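Let's take a friendly walk through a structure with two chains, one topic at a time. Have the sequence and the 3D view ready as you read.

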Amino acid sequence: MRTKMIVGAIASAAVIALSATACGSAASPALSMSNPQTATVMMNWFAQAEQGGYWDAMQNQYGKASGVTLNVKQGGPGIQTIPQVAAGQADFGIANADEIIVARKNGLPIVAVAAAYDTNLQCMMSHKSEGITDFPGLNGHQVSRVPSPYFDFLKSHFKLTGVEEINYTGSLADFKRNTNLVQQCFVTSDVYQAKQEGIDINVLSVAKDGGYNPYGLLLFTTEKVVKEKPDLVRSVVDSSIKGWKNFLANPTDAKTAVMAANKDVDPGTFDAAAKVIKDGNYLGDSIGTFKSDRWTTLRDQLATINQVPASFDPSVAFTNDFLPK
Amino acid sequence: MTIQIAKSAPKTGTELSHNNTAKKSKSFMRAALPPVIVMVIFLVGWSVVASTIYGNRNYLLPRPEQVLQAILDNPGTLWQGIRITFFEATAGFVLAILVGFAGAIIMSQSKMLERSLYPYAVLLQTVPVVAVAPIIVLWFGYNQSAVIVIAFMISVFPILNNTLLGLLSTDRNHRDLFRMHKASRTTEFLQLRLPSALPNIFAGLRVSAGLAVVGAIVGEFIIGSGGEEGGLGVKVLFAQSRLATGLLFAEVLAATLLGFFFFLIVTLVGNRLIKRWHESALKDDA
């Protein structure tokens, strides 16, 4: 008799507890047409082919059936996606994995939710006449770059003490005029445009020649959004992966969205860039997935330049939980 | 016409100096205490807000102790930044003084010259420096020269404008007096127009001193020359990219204090010079 009562008490307590938690998680409303939501995704530069997957997702609105509207906003020189997303100015943003780790270490509550580029597009272009075939060759030259962990690593790893750093302006005019200048670039648009301008260049890939390969232009958000709106995160991740796959198959939709956002985009450059991304397999074989050993390697590389402690746990900075099953 | 000044019976030497030092330290305390109190209130307020409202978001607003820690951890970086920005600001300021003075002196010589040249002086003030920076870089290169030119452009107009105003405001009666004694143009300029313009000149210099530092920082920010060995503006870019907000605040504080220091120096020199003129004028009459 008493055992029955105790079991009964425990069972009812369990039911009450379960229903309480069920009420708690039901607090985040399910995605549906009757509950429209908008997700803003902030780009880190002017709209360009290299952001193709995200713009394709904006053009096609893959989350429409669940009531999710994707709003991709182009960035520019002053935009810092990580602090701005952390401060709540946008729901999602794109950045490189090294910036994500440094931000996490400095207390910003952000987390990477989907990968884009498996091989980073970053490179350095120099005039062929200078004969620069490896990174140590940058010594004795002026380098135009955006201050960023990647360049701090290159400086330290290749002992670039003889390099004069200046701000990156995105302009080819300075590069064309000054043969001593080495300029940061993407292996896609910038290399194509330099060739169009008739400049003979040597290209050094930061990932392949420099051995520094953080996941490029990955999708990230804040811990708050992950906790409060997991379904929205899942939907946006799904849309961005669909966007990249469609961009590879047919870049036309992405091109429409990019050219609508940025009037200065040259169609020839866009097509050339899309082709390089596809032919060079820069997105990798399983778009969106993070491999944890890549993050550990990155953490070790950033530790050599003292931007994160060697004991920093990189697993807090990313998650594969929101990828489509 | 001599001016009679009634003077009271002189006190003994030691009495005078004693009174003077006591008065000076008392008046210094009276002048220094209110701003110090405001600073203490400000620091307390900042500490409270940074620990509560921004408690877990110190990457947006660091606590005062974090900024202090950044200063203690990076003395070499900060000092190097201060040195380089100081050099660029001084060079820009000196250039602004030379060009500003020359322009004002030329324009003060005739109404025709003033009318022809003054509009272009105003243009130097209104041209948006950030927008013409790419042109400046094209002409001077990505180096300190371009930064100095930008510091010059931002700080030249107050000097030119105020010096011109001072030179044109000479008392008519004094000018007539000099003419009556057949003084040459040079004598009139050096002995009358320039000294009487000093208060205005220093008003302009005080404004431009702070602007020269602003100009140097803006130039560094746009051009980013010097890399790790750059001035405070460049170092701010690095701190920003590494999300080192404490260091960033420390660098901004250093830049602000540098501007304040420039202002202080110019004010002290100005007060010294003007007091001397007034004193010697009085001494001649007595």
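## A sheet in chain A

Strand E5 (residues 122-127) of chain A runs antiparallel to E9(A), and 5 bridges join the two. Two strands are said to pair if DSSP finds at least two bridges between them. The names come from DSSP runs, numbered from the N terminus: helices are H or I runs of at least four residues, and strands are E runs of at least two. Within this pair, Cys123(A) stands opposite Ser205(A) in E9(A).

Before going on, please note that this is a predicted model, where local features need pLDDT of at least 70, side-chain atom pairs count only at pLDDT 80 or more, and totals for chains, interfaces and linings use all residues. Residues are numbered from 1 along each chain as its sequence is written, while chains are lettered from A and ligands numbered from 1 in the order in which they are written.

Now for the whole sheet: 5 strands of chain A form an open sheet with mixed pairing, in the order E7-E6-E8-E5-E9. E7 and strand E9 (201-205) of chain A are at the edges with a single partner strand each, so one side of each has no neighbour in the sheet. From one strand to the next, the twist averages 30 degrees. Helix H7 (residues 189-196) of chain A packs on this sheet, touching E5, strand E8 (181-186) and E9 of chain A, and its direction makes about 130 degrees with that of E8(A). Such angles run from 0 to 180 degrees between N-to-C directions, with axes fitted as lines to C-alpha atoms, for helices over the stretch in contact.

## Another sheet in chain A

Chain A also has an open sheet of 5 strands in the order E2-E1-E3-E10-E4, again with mixed pairing. Its edge strands are strand E2 (68-73) and E4 of chain A, each pairing on one side only.

Is strand E4 buried or exposed? In E4 (residues 110-114) of chain A, 5 of the 5 residues are buried, so this strand is largely enclosed by the rest of the structure. (Buried means that 20 or more other C-beta atoms lie within 10 Å of a residue's own, exposed means 12 or fewer, and partly exposed is in between; C-beta atoms are placed from the backbone.) E4(A) pairs with strand E10 (residues 218-222) of chain A in the antiparallel sense over 4 bridges. Ile110(A) has Thr222(A) as its bridge partner in E10(A), and Val111(A) has Thr221(A). H4(A) lies across E3, E4 and E10 of chain A, at about 150 degrees to E4(A).

## Chain B and its helices

Chain B has 10 helices and 0 strands. Of its 286 residues, 34% are buried.

Helix H3 (residues 75-108) and helix H4 (residues 111-126) of chain B pack at an angle of about 150 degrees, their axes 8 Å apart. That makes H3(B) roughly antiparallel to H4(B), a label for angles over 145 degrees. Gly103(B), Ile106(B) and Met107(B) in H3(B) meet several residues of H4(B), among them Leu113(B) and Tyr118(B).

## Where the chains meet

How many residues of chain A are in contact with chain B? There are 14, and they touch 13 residues of chain B; contact means that the C-beta atoms of two residues, placed from the backbone, lie within 7 Å. On the chain A side, E7(A) gives the largest share, 4 residues.

Definitions and conventions: Parallel < 35°, antiparallel > 145°, perpendicular 65-115°, else oblique.
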